[in-house]
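Here is a short report on one protein chain. Look at the model first, then read on.

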Amino acid sequence: MGMKTKIALGAVVGIVVIGAVSANAGDGDSGSTGKDTSASADRQAGGAKDAGAGTGSDAEPGTKADTGQETEKKATQAEQFKAFVKENGTDKEKEAVSHVTKVQGADDQNDILDTADVHTDFTGGIMGEGTGPAKLIASAFADWKQSENGLVTVYDADGELLGNGQF
């Protein structure tokens, strides 16, 4: 029995190590691709802006498009989440999400093990006032982002766990 336990434990550790390596490899590949893509887009936008600078009619539309993209990039994950819930959520979800102060990890997904953290201004930890709204926040987050294997965790103002849910 001792030998079987060692073999099983070794197999579990091996699977965990392989999963961790593949998850990190996926993040590195997608991150570098995203950076290259955005760098290419910036170069193309800059080239288009320079080329259109000579003509007045071409410069304004290019500038307006760039301004729209910059505004979209400047919106934090929390602002994007709040905007989604404002448009699509129930009244109770809107009230709960109004307490969200920060969202982390919502944009980095690889469908292997996705995790996101939602920070709120509630106090008192799991015994405080934010436990009920935390479930609503997790539910709204699941409507906003989808993953095959995602976990969203909601924290209070002191970083204490309020609740979690799958997305």
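Ring pairs link Phe81, Phe141, Trp144 and Phe167 into a cluster. This is a predicted model: local features need pLDDT of at least 70, side-chain atom pairs count only at pLDDT 80 or more, and totals for chains, interfaces and linings use all residues. Residues are numbered from 1 along each chain as its sequence is written, and side-chain values use heavy atoms, with hydrogens and water left out.

Rings of Phe, Tyr and Trp (its six-membered ring) pair if their centres lie within 6.5 Å; planes under 30 degrees apart count as stacked, over 60 as edge-to-face and the rest as tilted. By this rule the count comes to four aromatic pairs. Two of them are set out here.

| Pair | Centre to centre | Angle of planes | Type |
|---|---|---|---|
| Phe81 and Phe141 | 5.6 Å | 65° | edge-to-face |
| Phe81 and Trp144 | 5.3 Å | 35° | tilted |

Phe81 lies in helix H3 (residues 77-88) and Phe141 in helix H5, so their pair ties together parts that are 60 residues apart in sequence. Helices (H or I, at least four residues) and strands (E, at least two) are DSSP runs, numbered from the N terminus. Phe81 and Trp144 also link H3 to H5, 63 residues apart.

Buried means under 20% relative accessible area, exposed over 50%, partly exposed in between (1.4 Å probe, protein chains only). Phe81 has a value of 0%. Phe141 is buried at 0% too.

The charged end of Lys145 sits over its ring, 4.7 Å from the centre. The rule asks for NZ of Lys or CZ of Arg within 6 Å of the ring centre and within 35 degrees of the ring normal.

Now the strands. Two strands pair if DSSP finds at least two bridges between them. Strands E2 (residues 114-120) and E3 (residues 150-155) run parallel, joined by six bridges. From E2 the chain crosses through helix H5 (residues 131-144) to E3, a right-handed β-α-β crossover. Right-handed means that, with the strands pointing away from the viewer, the path from the first strand over the helix to the second runs clockwise. Val118 stands opposite Val154 in E3.

E3 also pairs with strand E4 (residues 161-166), antiparallel, through five bridges. Here Leu151 stands opposite Gln166 in E4. E3 and E4 form a hairpin with five residues between them. In its turn, Gly159 has a positive phi of about 85°.

Asp111 has a positive phi of about 60°, although it is not a glycine. Asp111 lies in the loop between strand E1 (100-104) and E2. Asp111 is partly exposed, at 35% relative accessible area.
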